[in-house]
Amino acid sequence: MERTLTNFIRALRSSEVRVSTGEALDATRTVALIGYGDRSLLRDSLGCVLAKSTEEKDIHDRLFDLYFAHSKSLTDTDSGPSEAEADSDAPQSSPEDLVDLLQSGDESAISTALERAAEAAGIEDIRFSTQVAYYAQQIIKQMGGEALQQRLLEALQGREPGDEAQAQELIDIRRDLTMRARERAERAFDVFGAGETQQFRDDFAAEKRLNALDRYDMERMKGLIAKIAKRLAVKHSRRRRKRNRGQLDVRRTMRANAGLDGVPFNVIWRQKKKDRPKIVAICDVSGSVAQYVRFLLLLLYSLADAVPDIHAFAFSHRLKPVDDILADNEFEAAMVKIIRELGMGSTDYGQAWSDLKVDHESIIDRRTTVIVLGDGRSNYGDPRADLFRDVAQRAKSMIWLNPEGRALWGTGDSAIPRYLPFCTQMSHVATLKDLERAVDEVLSAYG
Amino acid sequence: MAKDISTGYEPLVSIESVTSGLAEVGYISTREISTSVFLAHGLRKPILIEGPAGVGKTDLAQSLGRWLDLPILRLQCYEGLDEGKALYEWKYGKQLLYTQILKEKLNELIGSADNLSQSLGKLASFEDLFFSEQFLESRPLLTAMQQPAGSILLIDEIDKSDEEFEAFLLEVLSDYQVTVPEIGTIRANVPPIVILTSNNVRELGDALKRRCLHLHIGFPDAARERLIVQARVPDVSQILLKQLVSFVQGVRETDVKKRPSISETVDWARTLLLMHTTALDENFVRTTLNVLLKHESDIAAISKEVPRLVREATGPDKAGRTSSGYPELG
């Protein structure tokens, strides 16, 4: 039984429910208290011990159902281990038993045998969906499939009148067995492998170039971005205050100790107030960069908990605020709208800075981080680096995220070298990982 | 877990006894809730309850205390809460007073000393007196550890406290002990049952979550809500009860900013009772909607829906369902 539980915990871990050793021990104690008898009670109890959030609880419940789906007979096998052991050697050798078993229609006996075979085949090691067929084969083998195959061959070659009917019967049985084994292996993959496969694909997607993503990846990216946003929010919503050690706050100390005859028992130190992050994102939405903008905006807006103060502007020719569009529409629809409204003109960075200065300068103050996302290709127009310098000087910092690699900066119509001196930082952003790092750095600057 | 000492937790023998015990004091439990209370005792772990406001998170702790007849120590968390408020504080005033009184005796005491080091040594022997339990003002956490028959410790809205405080709680929650530097470690003979509640204002730390059992209490289904309202407002008639509960359930399905919680249903039931309502009707509902909904925009939105919701609530379909699966109230 210990093994049942450890395998279950292993399945949970592979689906990103973090279960510590301590919790695994708690689970064992829970089972000792509750027992395996009442399935739904066990499910509630383990959920309450092992899951730490509502999402984890959902994953737990789903896996629990998958994992314990077979164990209708759990308590039976538990009660008589010696008897079960004696059984386990017998059925593998003789095909008659297997045939009898499958023909008997005794579902619980069949599934018990199937479980035993699955365990013997080491099913909990399954990791990828491509292994399903292999493990199904192994299960059949453990159940004595080879002998069955042999019998089938003999029946097919036989000349006796009953042979043909018997062969047909054996074929049906074999098909039934194969289906059951396959189903069992698939379920094992859902329990043990699906989580890790997901993880593997996520890692892969995070390192893929953003503009090389296809539609299939987009859905995955959304989940991934939500995860990143949560990670960043947890990291940066903590530690708002910082103690400035060694500097006495005289006023507050006196007040706090007024009741103690003015003797300063409680000393209060000055505290440094931290600025709340304020981010202004300025995005080039012309064709070449639009895909990157999508991810940056999605990430920034998923961060609403940690950074309530976010403003976004988009431009290709003229620059306009897009906060309202993003607030009123569902994200995908908003992006389409933004690109349709603003992404059609020929890119003109000079005009964008001028629009920003004339209409929206007041939005940028000394605690604002300006994030520019663009390739700085201005179609040989005047880049108006002077205006850009003014903006950069007003802001706390100016971060430029460039989808182009460093080698391309300044080639052709790229005006990057003109802007570079005024940027706090300019970095090459090609993958979701880069994006996460960049936003992380911005938020850390408020630490 | 051998039990030589008698504790107040003895009624917690099974999940069913938890459910029926809580029902005795008017708390309608679900099996999930009862299971976690049972496990909290069995595994000696705190319960962390999450869920929307007003679904009975705090009430669970209080009902548990009432049922087991144990003291309830409540610690309301807020930003800036520190050890001094949660754990213990030295009674500075009293210490000062004693110092003043002792001042006159001081000469007699150290008069016999020949030199400075001798008098210092004599003084040092008194120091311990000043930092003894006599001068210790215990706050909820420490008090909970000191209860001889156990207690219910309710740490309310833990998400509102600072991370420093959360980290500080770890020692208390995992070992049921408290360290006072001047005195030493005070360990609970009978650990309290700890209930933490959170409204998810901020994400709690992993370390804290790991030490707790996790319980999510959501909005109740109609049957449970009826039982709860009946337990709280016994005078309400069966017909009105069915109608008002199914009305509230209907409101929760709509897209409102703040969905009405159980406490609001109970308030509403009381209001309707005061107004001698026997069955829901559109006008009554409209005039009392502000008890149920707390946002102007929600009230405006629901006002339009009132005819439909009332029709559904007073219709024969939903109201006829039985409340099986929950303990009947005696």
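## Close-up views of a predicted two-chain model

View 1. The strands belong to an open sheet of 6 strands in chain A, whose order is S5-S4-S3-S6-S7-S8 and whose pairing is mixed. Strand S5 (319-321) and strand S8 (425-428) of chain A stand at the edges of this sheet, and because each has a single partner strand, one side of each is left without a neighbour in the sheet. Neighbouring strands of this sheet are turned against each other by 20 degrees on average, when direction is ignored.

**View 2. Strands S3 and S4 of chain A pair in the parallel sense.** Strand S3, residues 278-284 of chain A, and strand S4, residues 309-315 of chain A, are joined over 7 bridges. Within this pairing, A:Cys283 stands opposite A:Ala314, a residue of S4(A). Helix H17 of chain A lies across both of these strands and also across S5, strand S6 (368-373) and S7 of chain A, with a direction at about 45 degrees to S5(A).

View 3. Over all chains of the model, the count comes to 23 aromatic pairs. In the pair of A:Tyr349 and A:Trp400, the ring centres are 6.0 Å apart and the planes are at 15 degrees, so this pair is stacked, given that planes under 30 degrees apart count as stacked. A:Trp353 is buried, as is A:Trp400. One aromatic cluster is formed by A:Phe315, A:Tyr349, A:Trp353, A:Phe388, A:Trp400 and A:Tyr419.

**View 4. Buried residues of helix H4 of chain A pack against helices of chain A and of chain B.** Helix H4 of chain A covers residues 54-67, and at 1.5 Å a residue its 14 residues should span 20 Å, which agrees with the 20 Å between its end C-alpha atoms. The buried residues of H4(A) are A:Glu56, A:Lys57, A:His60, A:Asp61, A:Leu63, A:Phe64, A:Leu66 and A:Tyr67. In chain A, these buried residues pack against helix H1 (2-14), helix H3 (39-50) and helix H11 (163-206), while in chain B they pack against helix H2 (31-43).

**View 5. A:Arg180 is a buried residue of helix H11 of chain A.** The relative accessible area of A:Arg180 is 18%, and the residue is called buried because this value is under 20%. Leaving aside residues up to four places away in sequence, A:Arg180 touches A:Leu102, A:Glu107, A:Ile110 and A:Leu114.

**View 6. An open sheet of chain B has 5 strands with parallel pairing.** The strands of this sheet follow the order S2-S5-S8-S1-S9 in chain B. Strand S2 (72-76) and strand S9 (213-216) of chain B are the edge strands, each of which pairs on one side only. From one strand to the next, the twist averages 20 degrees. Strand S1, residues 47-50 of chain B, pairs with S9(B) in the parallel sense over 4 bridges, and the bridge partner of B:Ile49 in S9(B) is B:Leu215. Helix H2 of chain B lies across S1 and S9 of chain B and runs at about 165 degrees to S9(B).

**View 7. B:Glu157 and B:Tyr176 are loop residues of chain B with positive phi.** B:Glu157, which is not a glycine, has a phi near 55 degrees, and this residue lies in the loop between strand S5 (152-156) and helix H8 (163-175) of chain B. B:Tyr176, likewise not a glycine, has a positive phi of about 50 degrees and is placed in the loop between H8 and strand S6 (177-180) of chain B. The relative accessible area of B:Tyr176 is 6%, and the residue is buried.

Conventions
Residues numbered from 1 in each chain as written. Chains lettered and ligands numbered in written order. Predicted model: local features only at pLDDT ≥ 70, side-chain atom pairs only at ≥ 80, totals over all residues. Heavy atoms only, no water. Helix = DSSP H or I, 4+ residues; strand = E, 2+ residues; numbered from the N terminus. Expected span 1.5 Å × (residues − 1). Buried < 20%, exposed > 50% of the residue type's maximum accessible area, 1.4 Å probe, protein only. Contact = heavy atoms within 4.5 Å. Phe/Tyr/Trp six-rings, centres within 6.5 Å; stacked < 30°, edge-to-face > 60°. Pairing = 2+ DSSP bridges. Axes fitted to C-alpha atoms, helices over the stretch in contact; angles between N-to-C directions.
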